[in-house]
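Hello,

Here is the structure I promised to hand over. Have a look at it first, and my notes on what turned up follow below.

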Amino acid sequence: MTAVVDRLRTDRPVFSVEFFPPRDDASERQLWRAVRELEPLDPAFVSITYGAGGSSRDRTIRTTGRIAQETTLVPMAHLTGVNHSLAELRNVVGWYAAVGVHNVLAVRGDPPGDPLGEWVAHPEGITYASELVRLVRSLGPFCVGVAAFPYGHPRSGDLDTDTDHLVGKIRAGADFAIAQLFFEADDFLRLRDRLASRGCDAPLLPGVMPLTTVRTLDKTVELSGAGVPPSLERRLAPHRDDPKAFRAAGIDVVTELSERLLAEGVRGLHFYTLNRSTATREVIGRLGLAPTRV
Ligand code: FAD
């Protein structure tokens, strides 16, 4: 098995990509087109998300298993604790191992339907992601990642407490963390500094979404929990009614953000692809992260 952390131990920066499990035959074809188009660019790993409450459990298992068995890529399966007993969580981790998946992103998840609704733990389940990290670790030689939040998790009172909880997940046994979307490099770098100030040097990967449409910008606002900064608004707002110009400006913005992060020494960039490859390949190409033989 290849562990994600081993793929991050290189002398040059790498990139990874995130997909969601396909809902039907058409989206399965789209996903596999993207997988095959990205495969020659040698991403460090490919991650597949897990639906709220296990709604996509079988599709996540099937897709990561196919990636393990039918491609040269290193798969990582997400796992959430929502609505699952410990026995069910053990079962899912067992299935991951059975299909050849040994990298797991352990996240707590949100209440289905309302991410900010009251969190009610399953009576025989977990309350925090750190417990999921310990559980996955106890079940075999898994490489485990966790979620990090540059602006703090929406339920956290303040950034210091939020960072303490992130450090708690890493000390529980996580090997690395992936940061939620953010707008400016400094927002991510401050999180990295907070971790370093607590003596934590686990790899922290920035999450990057190619801003190809107004919808991807809105999605970034929703997921990050932050508003669009004025400097970015000035660059993108004039193109809101011109999809081609918006895409060109958005790709420029994301390339510049990525360049700054690489200049600051990040080990890898984690791209949210929305199951398409064109924009990610464009940014990777501009950054010179693709192998030269391609
Ligand atoms: P936790 O780390 O448990 O944190 C939840 C809240 O509790 C935070 O406010 C935290 O500060 C606080 N907290 C943590 N530990 C303690 C403690 N010991 N005591 C008191 N408070 C504590 N969701 C999905 O449904 N499927 C996915 O596939 C998925 N993938 C994701 C990938 C990434 C990279 C990211 C950033 C998020 C992902 N999410 C996914 C979303 C995630 O499930 C939500 O953001 C969720 O609200 C928090 O998950 P967590 O693992 O950070 O939880």
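**The ligand and its surroundings**

Sorted by class, the shell around the ligand holds 9 nonpolar, 8 polar and 5 charged residues. Please keep in mind as you read that this is a predicted model.

In total, 22 residues surround the ligand, and the closest are Tyr50, Asp110, Ala129, His153 and Ser156. Three of these names come back when you look at polar atoms. Aspartate 110 has an N or O atom in its side chain 2.4 Å from an oxygen atom of the ligand. For histidine 153, a side-chain N or O atom is 2.7 Å from an oxygen atom of the ligand. Tyrosine 50 takes part through its backbone: a polar atom there is 2.7 Å from a nitrogen atom of the ligand. Taken alone the ligand exposes 990 Å², and the protein buries 84% of that.

Which elements supply the shell? Strand S3 (75-80), strand S4 (103-107) and helix H6 (159-171) each give at least two residues, and H6 gives the most, with 3 residues.

**The sheet**

S3 and S4 also belong to an open sheet of 9 strands, paired in parallel and ordered S7-S6-S5-S4-S3-S2-S1-S9-S8. Its edge strands are S7 (204-205) and S8 (207-208), each pairing on one side only. Strand S2 (residues 46-48) pairs with S3 over 3 bridges in the parallel sense, and isoleucine 48 stands opposite alanine 77 in S3. Helix H4 (residues 86-98) packs on the sheet and touches S3 and S4; its direction makes about 170° with that of S3.

Enjoy exploring!

Key: Residues numbered from 1 in each chain as written. Predicted model: local features only at pLDDT ≥ 70, side-chain atom pairs only at ≥ 80, totals over all residues. Heavy atoms only, no water. Near = heavy atom within 4 Å. Polar contact = N/O pair within 3.5 Å; in protein donor to acceptor, adjacent residues only side chain to side chain. Areas by Shrake-Rupley, 256 points an atom, 1.4 Å probe, with all protein chains shown as cover. Helix = DSSP H or I, 4+ residues; strand = E, 2+ residues; numbered from the N terminus. Nonpolar A, V, L, I, M, F, W, Y, C, P; charged D, E, K, R; others polar. Pairing = 2+ DSSP bridges. Contact = heavy atoms within 4.5 Å. Axes fitted to C-alpha atoms, helices over the stretch in contact; angles between N-to-C directions.
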